[in-house]
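User: I am new to this structure. Please take a close look at one part, the metal site, and then place it in its surroundings.

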Amino acid sequence: MSDCLFCRIVAGAIPAKKIHEDATSIGFADINPQAPHHVLFIPRRHIATLNDATAEDRELLGHLMVTAAKYAREQGFSDTGYRVVMNANRDGGQTVFHVHLHLLGGRAMAWPPG
Ligand code: 5GP
Ligand code: ZN
């Protein structure tokens, strides 16, 4: 989808600080980081929101989780901890409509989230 910001990052049409690439997903630094480590893991394939995911996307979405955890381990903050978040639609605070898993780490997180 040429009008989707994250599809354009997947295509390389918009630059991003990529930290992970594989056949089905990429990971890149968030442009407005909310923690010392703030990475977005996204499927290469366009899925607008979690509401649009189907049973066929189970492996793809699980892959984002496992990839995020691996990155946290490699970067040395898995033991101290981190948070993964997927915002959906207006009340979830979603602003980019191509599903993405936020990985936030390197500081203590508050709960409940704002
Ligand atoms: P959402 O609010 O949809 O859950 O998260 C969207 C995230 O994308 C935000 O944290 C925002 O900072 C990030 N973002 C928006 N535009 C860009 C961009 O052009 N490049 C990168 N790397 N991140 C972006
Ligand atoms: Zn997209």
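Analyst: Buried means under 20% relative accessible area, exposed means over 50%, and partly exposed lies in between (1.4 Å probe, protein chains only). By that scale His38 is buried, because its relative accessible area is 7%. The model is predicted, so local features need pLDDT of at least 70 and side-chain atom pairs pLDDT 80 or more, while totals for chains, interfaces and linings use all residues. Residues count from 1 along each chain as written, chains are lettered from A and ligands numbered from 1 in written order, and side-chain values use heavy atoms, without hydrogens or water.

Now the metal. Ligand 2 is a zinc ion, held by Cys4 (SG), Cys7 (SG), His46 (ND1) and His98 (ND1). The distances run from 2.0 to 2.3 Å. Donors here are N, O and S atoms within 2.8 Å of the metal (3.2 Å for Na, K and Ca); water is absent from the atoms, so a site may look incomplete. The four donor atoms make angles of 105 to 117°, and the zinc site is tetrahedral (for four donors, all angles between 85 and 135 degrees).

Along the sequence, the zinc donors follow the spacing C-x2-C-x38-H-x51-H. One pair of them links distant parts of the chain: Cys7 and His98 are 91 residues apart. Cys7 sits in helix 1 (residues 5–11). His98 sits in the loop between helix 3 (89–92) and strand 5 (101–105). Helices (H or I, at least four residues) and strands (E, at least two) are DSSP runs, numbered from the N terminus. Both Cys7 and His98 are buried.

Leu5 counts as partly exposed because its relative accessible area is 41%. Why is His100 counted as buried? Its relative accessibility is 6%. The side chain of His100 also reaches the backbone oxygen of His98, at 2.7 Å. That is a polar contact: N or O atoms within 3.5 Å; within protein, one must be able to donate a hydrogen and the other to accept it, and sequence neighbours count only if both atoms are side-chain atoms.

Next, the other ligand. Ligand 1 is surrounded by 16 residues, and the closest are Ala29, Asp30, Asn87, Thr95 and His102 (a heavy atom within 4 Å makes a residue near). Oxygen atoms of ligand 1 lie 2.5 Å from a side-chain N or O atom of Asp30, 2.8 Å from a polar side-chain atom of His102 and 3.0 Å from a polar backbone atom of Val96. Alone, ligand 1 exposes 520 Å², and the protein buries 83% of that (Shrake-Rupley method, 1.4 Å probe; for residues, only the protein chains shown count as cover).

Last, the core. The largest nonpolar core has 13 residues, and Phe41, Tyr71 and Leu103 touch the most other members. Such a core joins buried Ala, Val, Leu, Ile, Met, Phe, Trp, Tyr and Cys residues through side-chain atoms within 4.5 Å. Strand 3 (37–43), helix 2 (58–75) and strand 5 each give two or more residues to this core. Helix 2 gives the largest share, six residues.

Definitions and conventions:
Tetrahedral: all angles 85-135°; square planar, octahedral: opposite > 155°, others 65-115°.
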